[in-house]
Amino acid sequence: MALKGYPYNYQGVGKKKQLPLLREHKYSFKNRFNFQYIVNVEEYQHEVYIVKFHLAAHALSKWRYCLMTNQQDARRIIYTCVDIGKELHAEFPYASFGFIGNPTKPEIKKKKFFETKRYRVYQNFAKFFFDPELFEHAYNTEKSTYILLNKKNKERHPNLLKSIVKMFQDHYDIDNIYSNLVFELSNEDKK
Amino acid sequence: MALMIFLGSPPIGFDHILALKIIMGALLAKNSTSEKKLSADIKKHKVGKNSIKKSSSKMEFTILTKEEVEKDRSSAYDYVVKA
């Protein structure tokens, strides 16, 4: 089987965001079941790109990054995200990448963000597609977070990983995301 | 006539400014109570806040060596290609 994603369209870049988030690039594609997907690539300081995707139909849901479609089509969808990442890398050779494997609803109750199913799957793709000669692979299992650190950029900034981790630690609180989701979950349970 | 005066205009000596202050004060107090409640809710559940905020927990990252990635790549093949 060819390792090929779906053809995708660049939808454009969002308006200027609050630092350290610089802007958001939007892509879309349709899968073989004609379901539309949205890929949001958040561009942060230090040339870090965080790739996120969700079903377009879930765009307004707070759970958009946690829901499963059960279409058994995850692999090609992830290939598409990898293709987008590779295109960005070709355009921005100093780009580093990262992702968070969001938990499913049952997972969040049991283990918060610890080594989620998505994280376990995504990290295989990261290792397979992103050459360790070009990227340093760093992970945090507790928060299901993975960073692909651009070695070329690290040569220019030896403390790059430290700076990136500090940036996310200061501005991107996973515990807060977790609390929001748990709050939503408790509201849903009440209904 | 007396009833009309009572309904149409306030009694003699009625302090409009004071009345306004009392009404505004009551409204502000009500708002402040709901704000306090909301901020308590936010503190408790961290509701409605943007995810961009200072984290209290430290994030430690483990770096994989090139050899470790290469080793994992062969097992990743099963997930990525074969599955």
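This is a predicted model: local features need pLDDT of at least 70, side-chain atom pairs count only at pLDDT 80 or more; totals for chains, interfaces and linings use all residues.

**Notebook: helices, sheet, confidence**

Residues are numbered from 1 along each chain as its sequence is written, while chains are lettered from A and ligands numbered from 1 in the order written.

I noted the geometry. Helix α3 (residues 117-129) of chain A and helix α3 (residues 66-82) of chain B pack at about 120°, with axes 8 Å apart. Axes are lines fitted to C-alpha atoms, for helices over the stretch in contact, and angles run from 0 to 180 degrees between N-to-C directions. Helices (H or I, at least four residues) and strands (E, at least two) are DSSP runs, numbered from the N terminus.

I then listed who touches whom (C-beta atoms, placed from the backbone, within 7 Å). The α3(A) side includes A:Val121, A:Phe125 and A:Phe128, and the α3(B) side includes B:Val69, B:Ala76 and B:Tyr77.

Next I traced the sheet. Eight strands form an open sheet in the order β1(A)-β2(A)-β3(A)-β4(A)-β5(A)-β7(A)-β6(A)-β1(B), with mixed pairing. Strands pair if DSSP finds at least two bridges between them. β1 of chain A and β1 of chain B are at the edges, each with a single partner strand, so one side of each has no neighbour in the sheet.

I checked some pairs. β2(A) and strand β3 (residues 36-44) of chain A are antiparallel over nine bridges, and A:Tyr27 stands opposite A:Val39. Five residues separate β2(A) and β3(A) in their hairpin, where A:Asn34 in the turn has a positive phi of about 65°. Strand β4 (residues 48-55) of chain A runs parallel to strand β5 (residues 96-100) of chain A, joined by three bridges. In that pair A:Tyr49 has A:Phe97 as its bridge partner.

Last, I read the confidence (pLDDT, the predictor's confidence in each residue, from 0 to 100). Chain B has a mean pLDDT of 63, and 30% of its residues reach 70 or more. Residues 1-7 of chain B stay under 50, with zero contacts beyond four places in sequence. For the complex, the predictor gives an ipTM of 0.83 and a pTM of 0.75.

Note on methods
Two residues are in contact if their C-beta atoms, placed from the backbone, lie within 7 Å.
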